[in-house]
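Subject: Structure for your review

Dear colleague,

Here is the structure I promised to pass on to you, and below it I have written up what came out of going through it.

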Amino acid sequence: MKKKYKLNEIDCANCAMKLEEAVKAVEGVDSAKVNYMMQKLTFEAEESRIEEVEKAVLGVCRKMEPDMEVTLL
Amino acid sequence: MKLSKKQKKWLGRIIAAAVLFLALEILVHMGAFDGSRWWIGFLFALVPYLIVGYDVILKSIRNISRGDVFDENFLMMIATFGAFGIREYPEAVAVMLLYQIGELFQNYATGKSRDSISDLMSIAPETAFVEQDGEIEEMDPDEVEVGEIIVIRPGDRIPLDGEVVEGESMIDTSALTGEPVPRRARPGDMVISGCVNGQGTLKVRTTKAYEDSTVARILEMVESATEKKTRVENFVTRFAHVYTPIVTIGALVLALIPPIVLGGGARVWIDWIRRACIFLVVSCPCALVISVPLGFFGGIGAASRIGVLVKGSNYLEALAHVRTVVFDKTGTLTKGEFRVSRVIPAAGEDSEEAKARLLEHAAYAECYSTHPIAQSIREAYGRPVEASRITRTEEIPGRGVLAAADGHEILAGNAKLMGSRGIEIEELQTGGTVVRIACDGRYEGAVIISDTVKEGAAKAIRDMKAAGVRRCVMLTGDRPEAAEEVAREIGIDEVHAQLLPADKVDQIEKLMQSESGSGKLAFAGDGINDAPVLMRSDVGIAMGSLGSDAAIEAADIVLMDDDITKIARTVTIARKTVGIIHANIIFAIAVKIAILIMSVFGIANMWMAIFGDVGVLILCILNAMRLLRRDDSQR
């Protein structure tokens, strides 16, 4: 199952690259992409675990970029 | 220049810090601090420094607490702390100030190119007017179900794909196809979301939900196009991974080893710490990292402006290296419509009259046939066929027809038909389909029917050659003679005829193998029955296939209209994009390495280092943004 978020004000291309790697490393995430140009985050995870994985992904976002606003699309 | 709230605050901090900094500098030069204690100067410098750079320091501390040390915030913090440490207060403030200017510019530039993409892609409809039980209700396009009737008023953007059930109008498709001429829509016609309705009101039965409609798919495609990883991007990622740590360690070595080895007092230490700070300032890879997505985003935007959808940066990158373009013949280079191209009366009867009689006989003989060839003959005849004149027609399978009209017996068909009746015919050299006509046992001549070449096909091939494509190849299931004739007419280099659909894939593989080195192969087809070939080639280009899901799925690049001259224009855009990105990468790496080397020998100063970071970043962004300029991409 795919989930998509709008990332408001992610600072730089390098930060986006790092965030993508961090989200990919979250357990249960099958694939993840951070689109710096469109300021979007997409990740994919098993349907049955989606809630738990989503929580972890949002946690990573908060940790990496505390100033960034994350909204579900 | 429009700034967001965050950008305005950012700019405010920069201006405040800059003013304070200048005031401080003037005071220093007037000698206001001469003779006072060192910490007074320090405190005065600390105020603008913190105003402009507090967030950098906060972020850096946060990163360190997370165990991720090497990022640009950290580098800026160390470099400026270093400058404070050696009592170069103005330098510390200036570095931070310029760093923030560069960051703000980067933020502004990406926002701006994002806007220009959304402008260009401002095809997303806001609302749909749904007719329910005679009432019209305004709804979100998302909520409209398949099969509902929507009303499209003059000037509205069509919100969903569907079929016209009532009304007539001219539709402006330019946002999707780049085609300036409006298209007519009548009941029974399909309309595509994202187009703008002209003067008439239309009622449309929706055939797709919003998320499956053309407009939603196009937006999705363009937005996610930069997510496909390119070779340059992989290179930059790898480079950034090693570059920053190496330079940081280099800075540490530079600050510690020479003073220890050489010995000496505080002056020596200060000198080497200074050099190390320069290392840190230029170690930020941001100019490199931003160049790639910004460049490809610009290229993809420029392509979509001419009605070409590129599904990923990697395809644009591959297209820049295309050496061979392979075309499907029918529907791509030719219209796939059969027309009478020549009327050749038997020898000795080459008059207009004989030609007219020949065509008339052909039309009467073929008057009941539904075969495309018969239709094209009747079309060429141009007048209605009077059925009362025909007394009998008989189809002879695989050979042609026999008809009786006006008391004559007319034969129309191939050479075999003529042979079976003992009628002598003349040999003809032609690529088209030949229909022989005989009347009362005497050969009258032949009608040649061939597929018509698209307008602009020859120009498209010439443009492609000019854009750097080395060979143009044509694949077709057609007969070799027909294929050769088309190839000669438009300037194709290589023809492979009489191929079955499966042979086409083999042929593509052979052609790809013959491609040396980094040369890529693109295949262009109408996308209806060549999905396997589209997928197999390096770059699959589907054309005129707006609305054909299978083609959009299989292709890497979609030409939204039928215009094959756009392939050459897209190749040019691709080359320019990749050229700009490469130039940026080489420029950034060269400047940074030059400054690194110079700083080891003590030739570079802090101002050069700031140029190596912020200056290079700004120049790279400006260079990448050239792609989005309208006139550039349109020529």
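Predicted model: local features only at pLDDT ≥ 70, side-chain atom pairs only at ≥ 80, totals over all residues.

D440(B) is found in the loop that runs between strand 16 (433-439) and strand 17 (442-453) of chain B, and the residue has a positive phi of about 50° although it is not a glycine. D133(B) lies in the loop between strand 1 (128-132) and strand 2 (135-139) of chain B, and with 5 other C-beta atoms within 10 Å it is exposed.

**Chain B as a whole**

Chain B has 21 helices and 22 strands, and of its 635 residues 45% count as buried. The C-alpha trace of chain B spans about 125 × 65 × 40 Å along its principal axes. If one takes the contacts in chain B between residues at least 6 apart in sequence, 65% of them join residues at least 24 apart.

**The nonpolar cores**

The largest nonpolar core has 171 residues, and those with the most contacts inside it are V95(B), M96(B), L319(B) and I541(B). Helix 19 of chain B gives the most to this core, with 13 residues. Apart from this core lies another one, of 26 residues, which includes A362(B), A412(B), V435(B) and A446(B). As for M96(B), once residues up to four places away in sequence are left out of the count, M96(B) touches Y49(B), V52(B), G53(B), V56(B), M76(B) and T80(B).

**A pair of helices in chain B**

Helix 19 of chain B also takes part in a helix pair: the axes of helix 19 (residues 565-600) of chain B and helix 20 (residues 606-625) of chain B come within 10 Å and cross at roughly 175°. Angles over 145 degrees count as roughly antiparallel, and helix 19 of chain B and helix 20 of chain B are therefore roughly antiparallel to each other. On the side of helix 19 of chain B, the contact is made by I580(B), A583(B), N584(B), F587(B), A588(B), V591(B), K592(B), I595(B) and S599(B), and on the side of helix 20 of chain B by M608(B), A609(B), G612(B), V616(B), C620(B), N623(B) and A624(B). Divided by class, the residues of this contact between helix 19 of chain B and helix 20 of chain B are 11 nonpolar, four polar and one charged.

**Chain A**

The secondary structure of chain A comes to two helices and four strands, and read along the sequence these follow the pattern β-α-β-β-α-β. The radius of gyration of chain A is 11 Å, close to the 11 Å that the globule rule gives for 73 residues, so chain A is as compact as a globular protein of that length. Along its principal axes the C-alpha trace of chain A spans about 35 × 20 × 20 Å. Buried residues make up 34% of the 73 residues in chain A, and among contacts in chain A with a separation of 6 or more, residues 24 or more positions apart account for 63%.

One residue of chain A that I looked at in particular is E20(A), which has its place in helix 1 (residues 13-24) of chain A. E20(A) is partly exposed, with 19 other C-beta atoms within 10 Å. Leaving aside neighbours within four places in sequence, E20(A) is in contact with A32(A), K33(A) and V34(A). From C-alpha to C-alpha, E20(A) and K33(A) are 5.7 Å apart in space, although they are 13 residues apart in sequence.

**Where the chains meet**

Which elements of chain B give two or more residues to the side that touches chain A? To begin with the counts, 18 residues of chain B are in contact with 11 residues of chain A. The elements in question are helix 4 (89-120), helix 6 (214-224), helix 7 (231-262) and helix 9 (286-305) of chain B, and helix 9 of chain B gives the most, with five residues. By class, the side of chain B that touches chain A has seven nonpolar, five polar and six charged residues.

With best regards

Note on methods. Residues numbered from 1 in each chain as written. Chains lettered and ligands numbered in written order. Contact = placed C-beta atoms within 7 Å. Nonpolar A, V, L, I, M, F, W, Y, C, P; charged D, E, K, R; others polar. Axes fitted to C-alpha atoms, helices over the stretch in contact; angles between N-to-C directions. Parallel < 35°, antiparallel > 145°, perpendicular 65-115°, else oblique. Core = buried A, V, L, I, M, F, W, Y, C linked by C-beta atoms within 7 Å. Buried ≥ 20, exposed ≤ 12 C-beta atoms within 10 Å, placed from the backbone. Rg over C-alpha atoms; globule rule 2.2 N^0.38 Å.
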